[in-house]
Amino acid sequence: MKSGVFLTGLAGASAVLLFAAGCSRDGATEEPKTPSESEAVPAEVAIDDSILYDLFGEVDGLLMAGQTNQANARFTAALSDAAFKDLREPLFSSMIRYFLFTGQFDEAKTQYLNALRTDPEIARPGFDAIYGAYLEKGDAAGALEWARLLATQDIGDDLRMTATDWLLSSLARDGQIDEMAAAAATALEAFAPAAFAPVLVRIAHEGISGDKTEVAARLLDAIQASSKKDAPEMIVAVKTVEVRIDAARKEWKKIADRIPELVAEVPDAQLHSALQFAFQTARAAKRYDMVDAMSSPVVMDERAAKLERTFGLCANEWIGVLFEGDPRDTASFPGRLAKLLQVKLDPRRAYSIYSRRFYEILDDKALIRECMPLVDSLIPLLPDEASQNGLRALQLDAAFLVDDYAAALAILEKGLPERDEAWHKMAIAKVKAHLALQNKQYDVAVKQFREFMDILPDEDQPDPASDVMYSKLTLLGNNEKRIGDIYVEAGNPDEAAKSYATAREWYEKALEANKAGQTTEDYIKAQIAALPGAAAKPVEAAKPVEAAPAVQPAEAPAAKPVEAAPAEAASAVAAPAEAPAESEPAEEE
């Protein structure tokens, strides 16, 4: 038995223990009320609880002296003391916790049952104390015995249903399935379906999660054999638990075949939760064909559009399976995206799906090009300007990836609010340079590249993909080299030679000023080595040309696609506004 430490633990946290940690009438923990939620107690009627602290001191002293019986008697006597008339509820809760703290479970149960029968108002707030204490100390048998006892008491339907919940849960955990099923059958006739169905569903879910599908199956048998089986809440409970049982048993085909029935008869929240579990089990088993089989009929069912959460979940899965399956089927992405827009998926969710998958199809220009008109149609459907601009930013990336500089210029000229005027000026100059080069307007391209160089920012630009730090001097060298390449294409070798020589000068200055380390130094030397003709004079031991990034040297640095703008965007791409979260919320029971 614990002794000598009761007051230390109790008095030090008495405000929490006696008042804030009280329990509601149904056994659920109540949140402490704030001044904004309830009126402050007027000073003239405030209750003086200092006598509780005095009592705790006496009890602690008796425990320290080894006088446990006297400590018990002091507590129980206080309940009849008129001085504690206004503090009987916290006093009783403290006494029960005292008995539990000192290991006197039998005394706690005796006192609690007596109060529950004779003075329920002081007993109800601490209804879960003893059951919780058994669970905390790992005494499953004690918890089960106490739950059995409480479930037979005449304590009102609310507390008795809580006790029945504990009883069924304890029996399920202990593997006493027959007694659990019998107790469930009795309770089904006693309690209202709307209140009791969630209890049965939760216990069934716990059984399935613990690899005890028999628990769930026997509870469904009890429902089907009861007079309440046709209650709407029980019908939904049976259908959704069946989905989980089938998923746990890897019988996903059964679920897929029942989708029309489920869409027609199960509310959104419950169907979302059940299918979410089914998808998780199928993906864990790498049965992406079954993920597709379960999600596809929902997306194709016009009735499912009203089930917002379920429809959104299945849309995510229907797209996700293209990227997770083996082999991947990303070629179907534009077609499925088009279908989701056709069936009027929430535009915010469509934006989320596209923005996530965009970076997974960066290497396939044909897919990007196919998606672009779909995205153009999605932008005006988004409900807020921030989302629209975020999607425009992705379109700007896409336009660069597929060399559609006219589209990129249109986006930039419309403007991206999160970017300032200087950024727009620089980006527009670069896009016009690309567009002119694409149209073989070489003089215009050179003019635009030089305008871009004039407005390059002074700040260094890191490349997280290669750890190279691009200074303004390095970028000037890259762009001057690009101008040399343009002159070569235009058939003007003399001007090309001048540009390559100027590029070398920029690189040498960048090399001299470099403080970013060896990786950046190696990059600059590699760019010098890649210069044509006389401009490529050796500079110490230059790295092979292959060491240079894959981007055109005239461009600003590339970055990892997921972390920054694509290489060809030349720092002319805005980070998109945050898209609506695609991931599903935690499962709700």
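Buried means under 20% relative accessible area. The model discussed here is predicted.

Q: Is F333 buried or exposed, and what is its relative accessible area?
A: A residue counts as buried when its relative accessible area is under 20%. F333 falls under that cut-off, so F333 is buried, and its value is 0%.

Q: What kind of aromatic pair do F323 and F333 form?
A: A pair of aromatic rings is described by the distance of the centres and the angle of the planes. Planes over 60 degrees apart count as edge-to-face. For F323 and F333 the centres are 5.5 Å apart and the planes stand at 75°, so the pair is edge-to-face.

Q: Which residues do ring pairs link into a cluster?
A: The whole structure holds 17 aromatic pairs. Ring pairs join one cluster made of F92, Y112, F127, Y131, W146 and W166.

Q: How far is the charged end of K509 from the ring centre of W506?
A: A Lys charge can sit over a ring if its NZ is within 6 Å of the ring centre. The charged end of K509 sits over the ring of W506, and its distance from the centre is 5.1 Å.

Q: Which side chain of opposite charge is nearest to R392?
A: R392 is located in helix α23, residues 385-401. A salt bridge needs a nitrogen and a carboxyl oxygen within 4 Å. R392 is buried yet has no salt bridge, and at 6.3 Å the nearest side chain of opposite charge is E385.

Q: How far apart are the C-alpha atoms of M294 and E317?
A: M294 is in helix α18, residues 288-300, and is buried at a relative accessible area of 0%. Beyond residues up to four places away in sequence, M294 touches several residues, including W252, I259 and F279. M294 and E317 are 23 residues apart along the chain, while their C-alpha atoms are separated by 9.0 Å.

Q: Which helices do the buried residues of α12 pack against?
A: Helix α12 has 17 residues and spans 24 Å from first C-alpha to last, close to the 24 Å expected. Its buried residues include F196, L200 and H205. The buried residues of α12 pack against α10, α11, α13, α14 and α17.

Q: Which residue with a positive phi follows α12?
A: Helix α12 covers residues 193-209. The residue that follows this helix has a phi near 60°, and that residue is D211.

Q: How many residues apart are R450 and E480?
A: The side chains of R450 and E480 meet in a salt bridge, at 2.8 Å from N to O. The pair links distant parts of the chain, with R450 in helix α26 and E480 in helix α27, and the separation is 30 residues.

Q: In which helix do R504 and E508 both lie?
A: Side chains of opposite charge can pair when their charged atoms come close. R504 and E508 meet in a salt bridge at 2.7 Å, N to O. They are four residues apart, about one turn of the helix, and both lie in helix α28.

Technical notes: Residues are numbered from 1 along each chain as its sequence is written. This is a predicted model: local features need pLDDT of at least 70, side-chain atom pairs count only at pLDDT 80 or more; totals for chains, interfaces and linings use all residues. Side-chain values use heavy atoms; hydrogens and water are left out. Rings of Phe, Tyr and Trp (its six-membered ring) pair if their centres lie within 6.5 Å; planes under 30 degrees apart count as stacked, over 60 as edge-to-face and the rest as tilted. Buried means under 20% relative accessible area, exposed over 50%, partly exposed in between (1.4 Å probe, protein chains only). A charge sits over a ring if NZ of Lys or CZ of Arg is within 6 Å of the ring centre and within 35 degrees of the ring normal. Helices (H or I, at least four residues) and strands (E, at least two) are DSSP runs, numbered from the N terminus. Lys and Arg count as positive and Asp and Glu as negative; His and the chain ends are not counted. Contact means heavy atoms within 4.5 Å. The expected span of a helix is 1.5 Å times one less than its number of residues.
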